[in-house]
Amino acid sequence: MTLPVPVHVTAALGAFLVVGFLGRRLARRLGQPGVVGEIAFGMLLGPALLGLAWPRAQSVLLPPDVLGPLRDLGHAGLVLFLVGVAHELRLDAARLRDRAVAWTALGTFVPSLLAGAAFGGWLVWLDRPSLRGTAPTVAFVLLLAIALAVSAVPVLARVLADRGLTATRAGRLSLTSAALVDAVAWLLLAVVIAIATPGAGGVGNAATVLVAGTLAATLGRRLLRTSPVERLCARWPWPMAVALGLWVLLAADVAESRGLTAIFGAFVVGLMIPPESPHWDAPVRRVSTLGLWLVPVFFIATGLRIWTASGGVPWLVALLATALAVLSKVGGGYAVSHLGGEGHAQALRVAVLLNTRGLTEIVLLQAGYSAGVLTSGLYLALLVTAVVTTSMTGPLLALIDRRHGAEEPSAPCEGERITVG
């Protein structure tokens, strides 16, 4: 018996949410961030096993008229979740006055950016169609450079909170440096999409949208900081959360229609929201939490699409990408932080924390895949890199604590707010 499409979509959505919940629970039992379990179950393990055990499973269980709405839901969830990510990029003056932040951000960004560019150059030289694809060389190399250079602010914030490191020197330094690195990475991603997308107007159009987005974020933040809006937000947090969610989806659609990724629209809205206003915390948290619950739908729907289009994970490429990612991020972060005045153990902690790529790298990869910059095989290889670099953070921090002792919390800088994703 064939189920009506709305019933079928609802049943599949429930199953996807259960898979995401089980992935989170298992990951946390193993001492890992929940997103590691969601990625492993949703994008790697589930679709792979389903495809091997029952090759016709997708056409029977998830026909196009069912999978289409689920993909849209997952994409909407990702966009809603990113509002909270952008809101967490709080680069206040108290943190940026610390000279070590600049040293650490440069140390973690430049070596990994160069390693990613070298990796991309090697793939261009190798010229294997299943990995290289047909994207413009500049866009291809730049995207791989960004993918190896990013750190995951929301996952990093959760790791710091779970391990009691939020108020420590290493926690503050790593979180602020990651926010700086990711802010640059999102701007570079817009350039990649503009170069790679035919008919989008090229880099000139992307630059116009970036300038317009920056002005909108600045003016919007001033408007949202006014007393009438603050009172509305404090009195009716739920209606404001609904309005914020609709606003985010509209901004994402506008950004995509202008040749950029929907992610950029979500980030502009997230950056508009005043970080110092406690009244906005509740609406942002509700929108971002809804998105977080729908992110596993994105993982599974994307995973099914990737596994269908690919021949599996190119493990040698995944191993090389992971080795380059770890060596450049941890090695560069440690060396420059140590030169900048941090002690041996402190520099190690900061470097290991910044090696956490998590969901941020997944979002960048998804944007690149949707724009035709990445092939499905290379997407899977870099997905393995994101999972491995994130899952190794906890064990490496535990090893550092055993050898050098746990770090004690320090007093926050004047005016500094410690955020938790």
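Residues are numbered from 1 along each chain as its sequence is written, and side-chain values use heavy atoms, with hydrogens and water left out. Because the model is predicted, local features need pLDDT of at least 70 and side-chain atom pairs count only at pLDDT 80 or more, whereas totals for chains, interfaces and linings use all residues.

Buried here means under 20% relative accessible area, exposed over 50%, and partly exposed in between, with a 1.4 Å probe and protein chains only. When neighbours within four places in sequence are left aside, L382 is in contact (heavy atoms within 4.5 Å) with F119, L144, L148, A321, E361, L365 and L374.

The structure holds two aromatic pairs, a pair being rings of Phe, Tyr and Trp (its six-membered ring) with centres within 6.5 Å, where planes under 30 degrees apart count as stacked, over 60 as edge-to-face and the rest as tilted. One of them, formed by Y369 and Y379, is edge-to-face, with 5.2 Å centre to centre and 70° between the planes. Y369 belongs to helix α18 (residues 358-370) and Y379 to helix α19, 10 residues apart. Y369 is buried, with a relative accessible area of 12%, and Y379 is also buried, at 0%.

Helix α14 (residues 262-272) is mostly covered, since 10 of its 11 residues are buried, including F264, F267 and M272. I273 lies in the loop between α14 and α15 (281-309), and this residue is buried as well, with a relative accessible area of 0%. Leaving aside neighbours within four places in sequence, I273 is in contact with V83, H87, R221, L224, L244, W280 and V284. The C-alpha atoms of I273 and G220 are separated by 7.5 Å, although the two residues are 53 residues apart along the chain.

Conventions. Helix = DSSP H or I, 4+ residues; strand = E, 2+ residues; numbered from the N terminus.
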